[in-house]
Amino acid sequence: MSCAPGRNRTYDLHIRLSAVGWPVVAGDLRPVGGRDYPRTYQEFRSWFTDEWACREYLAELRWPHGFSCPDCGSGDCWRTGTGLWMCSGCGLKTSVTAGTLFHRSHTPLSTWFAAIWFVTSQKNGVSARGLQEALGFGSYETAWAWLHKLRRAMVRPARELLSGVVELDQSFLGGRSHGKPGGASKKAPITIAVERLASGRLGRVRLDLAEVPNAMDQVEFAAEVIAPGTEIHTDGALVFTRLSDHGFTHRPTPGYLANDLDAVMPGPHLVSSLLKRWTAGTLHHRISRQHLPYYLDEFTFRFNRRTSRARGLLFYRLLQQAADTDPHPLSELIGGTGSDWDEPRDD
Ligand SMILES: [Zn+2]
């Protein structure tokens with residue numbers, strides 16, 4: 001018996017070819033709606049009718065060039081009756097979810113697929129309460145944990161660097177104290193790097209929660225996420241003079257324009273407005289600083305795909321990235337506090 005993922009579905013003609021080891025042509029990598037990902041909820045329902053269908057689809061995303069043993073790297077394998085992959089080289093039995101975001105989840109994959117469809121098909125995402133209601137989860141905490149797991153997959157570890165012309169600035173987010181005087185009332189400084197395309201439109205964004213405002217970590221962040229040689233526009237703060245140390249061409253705002261920074265740095269200003277609107281609308285402001293970086297990842301995931309009219313493509317990308325993301329057990333998600341649920345539990 002071959003170990004190529006199952007193939008008696010109409011949708012996987014293209015997938016079928018790569019599964020049997022045909023060379024993947026670069027131009028063929030672009031996923032196509034209706035073939036590689038479902039275009040509508042109706043298609044979603046008809047493709048993923050059971051665990052088997054979900055498992056085979058996930059296997060295609062995880063091993064697009066065919067099975068590869070996580071232990072010895074062999075590509076030869078057998079399928080077991082319980083849907084595992086058994087390596088012919090070393091005998092290791094592995095499931096398609098082992099070592100992925102779905103590692104040791106006792107919930108059926110079909111429920112995970114439904115959650116991912118729900119999260120990606122809503123333009124602004126969904127709150128934990130919304131997900132709980134949509135999927136009928138018994139507990140709010142389960143929905144909260146699922147969303148946080150999915151956020152861990154929203155920004156690729158090996159993501160591409162920003163390039164061309166980038167506007168770099170810092171903004172402030174939040175500052176609600178949860179009713180506690182002197183509580184988490186400090187506003188969070190968010191470093192925003194956004195591409196300005198030749199067309200004048202905005203390109204991709206990267207966001208970072210800074211420790212303190214106006215500090216050197218803005219420059220370090222730029223060095224991490226922007227390609228050397230990029231032209232970076234800033235408000236001309238002193239710290240940005242260090243950008244040239246990293247091979248960037250720094251274009252500070254001329255002093256005579258410094259009083260109208262929104263006009264000079266419109267990209268970060270717009271991103272900041274959208275971020276504030278999103279956290280206020282979908283999340284009701286209630287984000288703890290501890291979890292904020294992952295909400296920034298979700299915002300980035302959505303912003304960078306905002307022009308995609310194919311919501312199914314977002315489903316495909318998030319599932320693909322989840323298959324390529326390490327497990328994140330609940331204890332890690334809540335940072336050991338056990339009670340830091342950061343969205344409202346009553347509305
Ligand atoms: Zn092996």
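Here is a short chat about the sheet, a hairpin and a helix pair in this predicted model.

The model is predicted, with local features needing pLDDT of at least 70, side-chain atom pairs counting only at pLDDT 80 or more, and totals for chains, interfaces and linings using all residues. Residues are numbered from 1 along each chain as its sequence is written.

Colleague: Which residue in strand 2 stands opposite Trp-78?

Modeller: Strand 1 and strand 2 (residues 85-87) run antiparallel, joined by three bridges. Opposite Trp-78 you'll find Met-86.

Colleague: In the hairpin of strand 5 and strand 6, which residue takes a positive phi?

Modeller: Six bridges join strand 5 (residues 188-196) to strand 6 (residues 202-209), and the two run antiparallel. Five residues sit between the strands, and the one with a phi near 95° is Gly-200.

Colleague: How are helix 3 and helix 4 oriented to each other?

Modeller: With axes as lines fitted to C-alpha atoms over the stretch in contact, and angles running from 0 to 180 degrees between N-to-C directions, helix 3 (residues 51-62) and helix 4 (residues 109-121) cross at roughly 65°. Angles under 35 degrees count as roughly parallel, over 145 as roughly antiparallel, 65 to 115 as roughly perpendicular and the rest as oblique. The two helices are therefore roughly perpendicular.

Key
Two strands pair if DSSP finds at least two bridges between them. Helices (H or I, at least four residues) and strands (E, at least two) are DSSP runs, numbered from the N terminus.
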